[in-house]
Amino acid sequence: MTTILTYSITLSACSDSDNKTTPDLTVLTEWQAGKTVSAEAVEAYGGLDKCFAAEPIPDGVWARMQGKTYKENPYIGRDDLRHIRALHWDYDNQMHVGEMICNKEIADRLARILRQLFEAKYPIQRMLLPDVYNADDETQMRDNNSSCFCYRTIAGSAKLSKHARGLAVDINTLYNPYYRDMADGTRYIQPATAAEYCDRTKSFLYKIDHNDLCFKLFTEAGFEWGGDWTTCKDFQHFELIE
């Protein structure tokens with residue numbers, strides 16, 4: 001009887017040990033932007049410091065960018081850009097994996113701002129490279145994506161945007177739209193689905209204004225806010241002051 005009891009206890013102890021599984025780190029080791037991640041996985045990966053970094057663009061990311069956010073041009077190349085890894089919170093109270101491409105001139109600042117927003121649990125819904133949306137700005141803005149680099153012109157213009165140099169960042173784009181009032185009385189809005197969010201007297205989720213932490217961190221770091229422009233409004237937009 002004693003022998004059976006001893007065997008039973010030993011078996012139970014082995015079962016408890018087997019239940020202590022190591023978190024799956026694939027989302028972090030492969031940096032799968034858009035996925036959620038647990039605190040246990042972040043700790044096992046090496047902690048928060050390892051999850052916020054500005055580094056040269058990995059080969060796989062660079063390949064994804066070709067013909068989409070990156071097009072051959074005489075102004076900016078791979079060495080001028082950096083890949084930002086970051087985590088972010090959303091209103092679902094979960095940690096999400098995010099990434100951005102930016103100019104090396106703002107890379108450390110941007111990584112620091114994103115870390116500060118994370119630590120404050122500031123809600124950012126998505127932080128995917130625009131290549132996921134085939135670099136179509138209207139599509140990614142309708143999806144409320146936050147991003148930085150995309151080699152493109154300013155909306156309604158032939159002039160290169162500061163996004164084309166990786167010196168401008170757009171945050172929570174659906175709820176913080178761009179608009180311009182035209183001479184014929186019409187209003188041009190991007191994304192086109194964001195008309196209700198042009199009224200900044202209303203309260204709604206993800207809204208950026210002068211009391212917002214995002215506004216404070218970016219402007220303190222040397223960026224100007226498109227919400228302060230007079231000829232148009234671009235509430236999602238922060239660009240480096242040069």
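The chain carries eight helices and ten strands, both taken as DSSP runs numbered from the N terminus (H or I over at least four residues for helices, E over at least two for strands). This is a predicted model, so local features need pLDDT of at least 70 and side-chain atom pairs count only at pLDDT 80 or more, while totals for chains, interfaces and linings use all residues. Residues are numbered from 1 along each chain as its sequence is written, and side-chain values use heavy atoms, with hydrogens and water left out.

Along its principal axes, the C-alpha trace spans about 95 × 45 × 30 Å. Of the 242 residues, 48% are buried (under 20% relative accessible area with a 1.4 Å probe, protein chains only). Taking contacts (heavy atoms within 4.5 Å) between residues at least 6 apart in sequence, 57% join residues at least 24 apart.

Now to the sheets. Four strands make up an open sheet in the order E1-E4-E3-E2, with antiparallel pairing; two strands pair if DSSP finds at least two bridges between them. Strand E1 (36–37) and strand E2 (53–55) sit at the edges with a single partner strand each, so one side of each has no neighbour in the sheet. E2 and strand E3 (residues 81–89) pair antiparallel over three bridges, and Ala 54 stands opposite Ile 84 in E3. Packed on this sheet is helix H6 (residues 107–119), which touches E2, E3 and strand E4 (95–103) and whose direction makes about 5 degrees with that of E3. For such angles, axes are lines fitted to C-alpha atoms (for helices over the stretch in contact), and values run from 0 to 180 degrees between N-to-C directions.

Another open sheet has three strands in the order E7-E6-E9, again with antiparallel pairing. Its edges are strand E7 (187–190) and strand E9 (233–234), each with a single partner strand, so one side of each is left without a neighbour. E6 and E7 are joined by four bridges, and Asp 181 stands opposite Arg 187 in E7.

That leaves the largest pocket, which holds about 340 Å³ of space. A pocket here is an open set of points on a 1 Å grid where a 1.4 Å probe fits, with protein on both sides within 12 Å along at least five of seven lines; lining residues have an atom within 4 Å of a point. Of the 21 lining residues, Ile 154, Ser 161, Trp 229, Asp 234 and His 237 are the closest to the centre. Helix H7 (137–142), strand E6 (178–181) and strand E10 (237–240) each supply at least two residues of the lining.

How values were computed. Points joined across faces, edges and corners; volume = space filled by probe spheres on them. Buried < 20%, exposed > 50% of the residue type's maximum accessible area, 1.4 Å probe, protein only.
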